[in-house]
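Let's take a walk through this model, starting with the strands and moving on to rings and charges. Keep the viewer open as you read.

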Amino acid sequence: MDSSIIAGQTPHYKSASGSAYFFTEQGVYRKSNHWGRAANCRWRLETQAAYKNQSTVVGYAHWTDFYPNNETEKWFYIEIDWVANQALFYHKNDPNYRGQLLRNANETAKRIQKINEVLQFDHWKKYAQVYDEEVALQDIVAYLINTNETLFQIIQKVNGTT
């Protein structure tokens with residue numbers, strides 16, 4: 001986002017953590033060095049380049065980009081970015097939602113952490129008795145996304161022991 005748009009302007013709101021918010025008729029600019037969860041919002045920073053937390057970035061969201069959110073309702077689903085090798089969450093009001101399993105915010109965060117562990121580390125391989133590890137990885141991740149079963153239960157399924 002081009003930060004010159006808000007250069008020299010006084011923020012309409014500044015959070016306790018130092019994020020600055022600039023409101024317009026169409027949406028909000030947020031200048032911050034931390035992204036992800038912010039109060040009761042979950043900001044997703046979509047960038048053209050690699051982003052590291054603690055780097056100040058200006059983001060923009062249209063008012064229509066905000067979806068309902070709370071800690072108890074099942075609003076979120078998970079998809080995998082196989083290129084970046086990571087799990088991402090989306091809101092069920094996202095136009096790409098196609099009936100995937102929904103979880104609340106806490107369940108989603110825990111599941112994403114588990115999926116990212118499976119994607120980034122190979123600890124699961126010592127328990128999986130499979131010939132094709134790539135296929136097993138894809139199966140395990142699919143089960144993690146589409147069920148509430150534990151990793152142990154999923155590995156048993158992949159091994160054919162349940």
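A quick convention before we start: a residue is called buried under 20% relative accessible area, exposed over 50%, and partly exposed in between, using a 1.4 Å probe and protein chains only. The model is predicted, so to speak of local features we need pLDDT of at least 70, side-chain atom pairs count only at pLDDT 80 or more, and totals for chains, interfaces and linings use all residues. Residues are numbered from 1 along each chain as its sequence is written, and side-chain values use heavy atoms, with hydrogens and water left out.

Let's begin with the sheet. Helices (H or I, at least four residues) and strands (E, at least two) are DSSP runs numbered from the N terminus, and two strands pair if DSSP finds at least two bridges between them. Four strands make up an open antiparallel sheet, in the order β1-β2-β3-β6. The edges belong to β1 and β6 (57–62), each with a single partner strand, so one side of each has no neighbour in the sheet.

Zoom in on β1, residues 13–14, where you'll find Lys-14. This lysine is exposed, at 56% relative accessibility. Its bridge partner in β2 is Ala-20, and β1 and β2 (residues 20–23) run antiparallel, joined by two bridges. Together β1 and β2 form a hairpin with five residues between them, and Gly-18 in the turn has a positive phi of about 100°. Next along, β2 pairs with β3 (residues 27–32) in the antiparallel sense over four bridges; here Phe-22 has Tyr-29 in β3 as its bridge partner. A hairpin of three residues connects β2 to β3.

Now for the rings. Rings of Phe, Tyr and Trp (its six-membered ring) pair if their centres lie within 6.5 Å; planes under 30 degrees apart count as stacked, over 60 as edge-to-face, and the rest as tilted. The structure holds seven aromatic pairs. One of them is Tyr-13 with Tyr-21, a tilted pair at 5.8 Å centre to centre and 45° between the planes. Tyr-13 is partly exposed at 45% relative accessibility, while Tyr-21 is buried at 12%. Tyr-77 and Tyr-97 are tilted too, because their planes stand at 50°, with the ring centres 5.2 Å apart. This pair links distant parts of the chain, 20 residues apart: Tyr-77 sits in strand β7 (residues 76–81) and Tyr-97 in the loop between β8 (86–91) and α1 (105–120). Tyr-77 is buried at 1%, whereas Tyr-97 is partly exposed at 27%. Elsewhere, ring pairs link Phe-23, Trp-63 and Phe-66 into a cluster.

What about charges? A salt bridge here is a side-chain nitrogen of Lys or Arg within 4 Å of a carboxyl oxygen of Asp or Glu, and the whole structure has four. Among them is Arg-98 with Glu-79, at 3.5 Å from N to O. Arg-98 is exposed at 64%, and Glu-79 partly exposed at 22%.

Another salt bridge joins Glu-117 and Lys-114, with the closest N and O atoms 3.6 Å apart. Both lie in helix α1, three residues apart, so about one helical turn separates them. Lys-114 is partly exposed at 31% relative accessibility.
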